Amino acid sequence: MFIVDVLWKLFPLYTFGSETDSLSESILQIVPEEMASSTTKILCDAGESDLCRDDSAAFLLKFVAIASILLAGAAGVAIPLVGRNRRFLQTEGNLFVAAKAFAAGVILATGFVHMLAGGTEALSNPCLPDYPWSKFPFPGFFAMIAALVTLLVDFMGTQYYERKQESSSSNQAASEASGREETSVVPVVDRVNENKVFGEEDGGGIHIVGIRAHAAHHRHSHSNGHGTCDGHAQGHSHGHGHVHGISDVENGARHVVVSQILELGIVSHSIIIGLSLGVSQSPCTIRPLIAALSFHQFFEGFALGGCISQAQFRNKSATIMACFFALTTPVGIGIGTAVASSFNSHSPGALVTEGILDSLSAGILVYMALVDLIAADFLSKRMSCNVRLQVVSYVMLFLGAGLMSALAIWA
């Protein structure tokens, strides 16, 4: 077939005449082009290269990958949830802020270096037709669309939960006011309730604990001088209780929305990377992926667990979210293993699907890392008032981004 294609392209030159040198140059130009085209077609039809293919060894390595990634993800997401009741890992502690900065760097590098680069590689693959994939920068476009949609969902979700919390708080305040008219003992009980730490109340619906408990915790933090540089907030909460209440409603809603959107972004690309590992039959590809994905899942889980802890979900909801995250990549590996025998990773459909999903995941992760993780902590009053925390957090941020970027050499 290769010889026929070459002769077909040389036929017009021979028929209509040309100089010998020109004909020789044409032959030298056409033959390499046809050889490259034929090689590309063979690779596109064959799928993965057979240079390091070993189905039995790859199958065993996939079991190792499932166990390693499952344990790493579960440990990462569990540490902040278990540690929220321990002083050294509470979400208000400096150690947690520094560790979260490292995890934010890992997520940012995952979006830019791994997911966006993977989407670009897939959508620029020579197995795809030139039109439309080579005529427009689709990876960046899909990433931009995903970031803008995430912004919209972030805004709408925050507004929704704020209204829900304000409504719940208003109803609770009304019931307390009517109760105070009946007896003078109720205010004493109310003050006792307000001293509870955020998350101890049972009410609050939609997996959000009572706003009054959050407000009490917020005022307690301010009374000790936290959140200000000069500690002038002592005794300040009574004069600005209403303002603080509004701020607490906004902060509580933000934490809830951030945790849910972050889980959506992480889960979407965890399935993708799990499928990519599962369909591979090459031990040379799987071995470095095991270490890279275990590292990646641990710190992504830590960031997600920290957001879930700050959102103060009930234990049941927090456990469900944590398990859902920990299981996504292993499930993706299992699905990929099941279809590996009939899957051609170089088919146009597989490349387009992989490229679009990688690009969308990149947009979500970059938005969440920059806006809801990095900006939320690094532009806070707490960070600006603590020079040591600033230095440590920036070092951890760049270290996390650098290490995750370096893993692109092997995976």
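Here is a friendly chat about the helices, cores and aromatic rings of this predicted model.

Reader: Hi! What should I know before I start?

Author: This is a predicted model, in which local features need pLDDT of at least 70 and side-chain atom pairs count only at pLDDT 80 or more, while totals for chains, interfaces and linings use all residues. Residues are numbered from 1 along each chain as its sequence is written, and side-chain values use heavy atoms, with hydrogens and water left out.

Reader: Thanks! How many helices and strands does the protein have?

Author: There are 14 helices and zero strands. Both are DSSP runs numbered from the N terminus: helices are H or I with at least four residues, strands are E with at least two.

Reader: And how much of the protein is buried?

Author: Of its 411 residues, 42% count as buried. Buried means under 20% relative accessible area, exposed is over 50%, and partly exposed lies in between (1.4 Å probe, protein chains only).

Reader: Let's pick a helix. Where does H4 bend?

Author: At Thr 110, by about 35 degrees. That bend is the angle between axes fitted to the seven residues ending there and the seven starting there. H4 covers residues 94-123 and reaches 42 Å from its first C-alpha to its last, close to the 44 Å expected; the expected span is 1.5 Å times one less than the number of residues. H4 is also mostly covered, with 21 of its 30 residues buried.

Reader: Nice. Which residues touch the most other members in the largest nonpolar core?

Author: Among them are Ile 107, Leu 262 and Phe 313, in a core of 62 residues. A nonpolar core is a set of buried Ala, Val, Leu, Ile, Met, Phe, Trp, Tyr and Cys residues joined through side-chain atoms within 4.5 Å. H10 gives the largest share of this core, twelve residues.

Reader: What does Leu 262 touch?

Author: Leaving out residues up to four places away in sequence, Leu 262 touches Ile 107, Ala 303, Leu 304, Cys 307, Met 368 and Leu 373. Contact here means heavy atoms within 4.5 Å.

Reader: Switching to aromatics: why is the pair Phe 298 and Phe 299 edge-to-face?

Author: Their ring centres are 5.0 Å apart and their planes are at 85 degrees, so the pair is edge-to-face. Rings of Phe, Tyr and Trp (its six-membered ring) pair if their centres lie within 6.5 Å; planes under 30 degrees apart count as stacked, over 60 as edge-to-face and the rest as tilted.

Reader: Is Phe 299 buried or exposed?

Author: Phe 299 is buried, at 19% relative accessible area, whereas Phe 298 counts as partly exposed at 25%.
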